[in-house]
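Come and look through it with me.

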Amino acid sequence: MVKGATTSHVRIDVGGSVVTASITNEAVADLKLEKGKQAYAVIKASDVMVGID
């Protein structure tokens, strides 16, 4: 987790893939998030883009 002035970048390992989310520091405190603590990601997307090199 990288904590900024108002938001934190939270990384969650989901089956070997890492999901990164930007959430408020208030949300981090409310959820009592800390490194190594189990958490889950809820993903809501209206568009998904897939690309290749």
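What volume does the largest pocket have? I looked it up and found about 310 Å³. I noted that of the 16 residues lining this largest pocket, Ile12, Leu31, Ala39, Tyr40 and Ala41 are the closest to its centre. Strand S2 (7–14), strand S3 (17–24) and helix H1 (25–31) are the elements that each give two or more residues to that lining. S3 supplies the largest share, 4 residues. By class, I read 13 nonpolar, 2 polar and 1 charged residues in the lining of the largest pocket.

For the terms, I wrote down that a pocket is an open set of points on a 1 Å grid over the protein atoms alone, where a 1.4 Å probe fits, with protein on both sides within 12 Å along at least five of seven lines; lining residues have an atom within 4 Å of a point. A volume is the space filled by probe spheres set on the points, which are joined across faces, edges and corners. Ala, Val, Leu, Ile, Met, Phe, Trp, Tyr, Cys and Pro count as nonpolar, Asp, Glu, Lys and Arg as charged, and the others, Gly among them, as polar.

Next I turned to the second largest pocket, with a volume of about 200 Å³. Its lining includes Met1, Val10, Arg11, Ile12 and Leu33, and Glu34, Lys35, Gly36, Lys37 and Ala39 line it too. I sorted these residues into 5 nonpolar, 1 polar and 4 charged.

**Entry: what kind of model this is**

I reminded myself that this is a predicted model, where local features need pLDDT of at least 70 and side-chain atom pairs count only at pLDDT 80 or more, while totals for chains, interfaces and linings use all residues. Residues are numbered from 1 along each chain as its sequence is written, and side-chain values use heavy atoms, with hydrogens and water left out.

I checked the pLDDT, the predictor's confidence in each residue from 0 to 100. The chain has a mean of 90, and 100% of its residues reach 70 or more. Helices (H or I, at least four residues) and strands (E, at least two) are DSSP runs, numbered from the N terminus.

**Entry: the sheet**

In what order do the strands of the sheet lie? I found 3 strands in an open sheet, S1-S2-S3, with antiparallel pairing. S1 and S3 are the edge strands, each pairing on one side only. Two strands pair if DSSP finds at least two bridges between them.

I followed S1 and S2 first: they pair in the antiparallel sense over 2 bridges, and they form a hairpin with 3 residues between them. Val2 has His9 in S2 as its bridge partner. His9 also stands opposite Ser22 in S3.

S2 and S3 run antiparallel and are joined by 8 bridges. I found Val10 opposite Ala21, and Arg11 has Thr20 as its bridge partner. These two strands form a hairpin with 2 residues between them, and Gly15 in the turn has a positive phi of about 60°.

Is Asn25 buried or exposed? Asn25 belongs to helix H1 and counts as buried because its relative accessibility is 14%. (Buried means under 20% relative accessible area, exposed over 50%, partly exposed in between, with a 1.4 Å probe and protein chains only.) The Asn25 side chain makes a polar contact with the side chain of Ser8, at 2.6 Å. For such a contact I need a pair of N or O atoms within 3.5 Å; within protein, one must be able to donate a hydrogen and the other to accept it, and residues adjacent in sequence count only if both atoms are side-chain atoms.

Lys32 sits in the segment after H1. Its phi is positive, near 55°, in a residue other than glycine. Most residues other than glycine have a negative phi. Lys32 counts as exposed, since its relative accessibility is 58%.

Gly4 lies in the loop between S1 and S2 and, at 37% relative accessibility, counts as partly exposed. I also noted 10 Å between the C-alpha atoms of Gly4 and Ser22, which are 18 residues apart along the chain.
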